[in-house]
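Please look at the structure shown below and follow how its two chains meet.

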Protein chains: 2
Amino acid sequence: MKAITLIDDTNPRSLELTEVDTPQLQDGEVLVRVTAAGVNRGDIVQAEGKYPPPKGESEIIGLECAGVIEDPGTTGHEKGEEVGCLLAGGGYAEYVAVPEGQLTPKPANLTLEETAGVVEAACTVWSNLGMLAGIQEGDNVLIHGGAGGIGSFAIQLCKALGCTVAVTAGSQEKLDYCKGLGADVLINYKEQDFDEELKAWADVILDVVGGPYLEQNIKTLNTDGRLVVIAVQGGPKGTLSLGRMMPRRLSVHATTLRARPRPMKAEIVASTVKNVWPLIESGQIKPNITATFPLADAAKAHDHMDSGDNTGKILLIA
Amino acid sequence: MKAITLIDDTNPRSLELTEVDTPQLQDGEVLVRVTAAGVNRGDIVQAEGKYPPPKGESEIIGLECAGVIEDPGTTGHEKGEEVGCLLAGGGYAEYVAVPEGQLTPKPANLTLEETAGVVEAACTVWSNLGMLAGIQEGDNVLIHGGAGGIGSFAIQLCKALGCTVAVTAGSQEKLDYCKGLGADVLINYKEQDFDEELKAWADVILDVVGGPYLEQNIKTLNTDGRLVVIAVQGGPKGTLSLGRMMPRRLSVHATTLRARPRPMKAEIVASTVKNVWPLIESGQIKPNITATFPLADAAKAHDHMDSGDNTGKILLIA
């Protein structure tokens with residue numbers, strides 16, 4: 001089969017479509033013919049050599065895709081079934097082996113391409129905001145990087161669940177995009193200090209910046225507030241004021257989806273399909289595909305994400 | 001009535017027994033004649049002017065006591081009932097007004113004096129290790145300051161629940177004391193680095209040091225581990241490595257008991273009585289009264305706690 005391969009380890013954009021072995025199925029895996037793969041920040045970091053796949057998982061880049069089951073292996077699935085796939089790797093390819101617990105149905109109202117653009121964001125956002133932080137109707141939620149793939153999904157999920165949503169982004173254009181998705185409070189981080197605007201406001205914060213935002217995030221949390229960090233794009237370390245956290249009983253959580261063991265991923269996928277798929281099928285959460293590239297142009301897709309101009313989701317079409 | 005009063009705001013040991021007004025009961029409060037009051041670290045910090053009582057609560061020092069109900073007010077309690085009391089303040093006195101939800105029964109096998117020495121530790125330890133961190137049989141728990149009032153209670157609770165317990169303390173004598181309470185792993189923090197001894201070992205850490213231990217605590221946590229900080233005796237701020245937390249899905253929680261609203265305290269007291277009182281009454285958790293002083297000698301009791309030589313619980317006898 002053909003798959004995207006990093007030709008030169010020192011050049012993260014040396015991504016070329018080359019001939020590689022088709023994956024061999026392990027017990028409990030199905031072989032999926034990829035229709036489209038979602039592009040995620042982690043893919044870019046993996047190409048930079050900083051985010052290797054967990055042991056035993058595909059070395060090929062790509063954390064999510066959608067497609068058609070080509071070989072159901074030992075599972076009860078059927079050849080021809082249309083599915084979404086949460087992957088530890090392998091999405092940037094013609095075929096991928098997927099543990100059965102990491103398959104989702106295709107939402108009835110979405111194309112397979114659109115499905116490829118919601119799986120990772122849905123599982124990431126739901127596992128953190130729903131399963132971990134336990135957001136409830138009426139909660140105030142701050143979402144950093146509101147215009148990105150994760151952020152735009154999170155805005156819609158929070159609004160569908162009856163939360164008030166504040167977002168940060170770096171341009172008026174991006175904030176307008178967030179507003180169109182339902183965000184209530186818009187903060188341009190280049191012009192405003194979010195902790196001044198939202199002092200002790202947030203019940204939950206979903207953060208992708210990490211260290212540099214840590215002190216401000218703590219100031220922004222309300223009593224019993226929870227900070228959930230899912231990426232450290234600004235740096236891994238920060239100063240934490242435990243003294244400030246104590247009287248308000250705050251908590252800081254940091255997670256990744258990719259490093260979890262397969263049974264935990266299966267649990268997350270099942271909970272996401274149960275709780276989030278109905279919100280997609282009712283139209284309350286829409287896929288936000290804003291750019292598509294042929295699979296062979298993966299490097300261009302990474303350039304586009306890295307430019308910082310992108311809002312919403314980028315797809316590779318196989 | 002007589003109560004301990006800070007005579008000179010600039011001298012935290014100017015604690016004298018003086019004549020003050022007996023507390024007026026609010027709706028839902030009972031008047032308790034104090035038999036004994038527990039001494040806590042927070043009392044010392046309050047005398048230093050750094051830990052004022054929550055608004056509307058007694059200005060008198062003292063976070064726990066036991067005694068006899070003198071006036072049940074509007075509640076269904078009866079005069080003469082022997083009770084333990086979780087207090088926001090007021091324990092260093094002949095009488096104290098106590099919200100009904102913050103009363104505990106006297107454990108059948110304990111004296112009233114012994115009861116005064118378990119209420120605050122039981123509620124603090126259970127609310128953090130049981131209700132918040134959710135410790136389970138088989139968990140590895142690290143308890144910093146294992147020989148103190150909180151620490152010695154926490155060791156016994158964790159052992160009673162089937163956990164493996166590591167402790168830190170600053171002398172062999174204190175470590176021997178912890179071992180006598182059931183601690184499995186003993187670490188002298190003056191001679192050993194606990195994060196070297198217990199790398200990625202702990203499912204839960206109960207910490208009273210705060211900022212200076214933050215980086216080491218994170219290194220000590222196992223996958224899905226929880227750090228619970230209930231005091232910052234070493235300083236309020238530290239460096240947090242979110243990058244290190246993410247792949248192992250760690251969380252940091254910081255809480256105080258005193259600042260919580262009364263309904264939340266009532267919930268904690270009820271859960272503590274339900275889950276911990278049976279372990280006291282079966283003898284699995286023992287009160288560790290190691291020093292008693294007459295109420296008039298509160299300053300001496302504070303000296304004793306501050307000396308650092310103390311293990312277990314200090315009481316004032318009214």
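In this predicted model, 13 residue pairs are in polar contact between chain B and chain A, both residues at pLDDT 80 or more; a polar contact is a pair of N or O atoms within 3.5 Å, where within protein one must be able to donate a hydrogen and the other to accept it, and residues adjacent in sequence count only if both atoms are side-chain atoms. Being a predicted model, it is read with limits: local features need pLDDT of at least 70, side-chain atom pairs count only at pLDDT 80 or more, and totals for chains, interfaces and linings use all residues. Side-chain values use heavy atoms, with hydrogens and water left out, residues are numbered from 1 along each chain as its sequence is written, and chains are lettered from A and ligands numbered from 1 in the order in which they are written.

**Salt bridges**
- Two salt bridges (a side-chain nitrogen of Lys or Arg within 4 Å of a carboxyl oxygen of Asp or Glu) are counted between chain B and chain A.
- One of them links A:Lys237 to B:Glu215, whose closest N and O atoms are 3.0 Å apart.

**Extent**
- In contact (heavy atoms within 4.5 Å) are 32 residues of chain B and 32 residues of chain A.
- The two chains bury about 2400 Å² between them, 67% of it on carbon and sulfur atoms, where buried area is the accessible area (1.4 Å probe) lost on being put together, summed over both.
- On the side of chain B, B:Leu242, B:Met246 and B:Arg249 lose the most area to chain A, together 29% of what that side buries.
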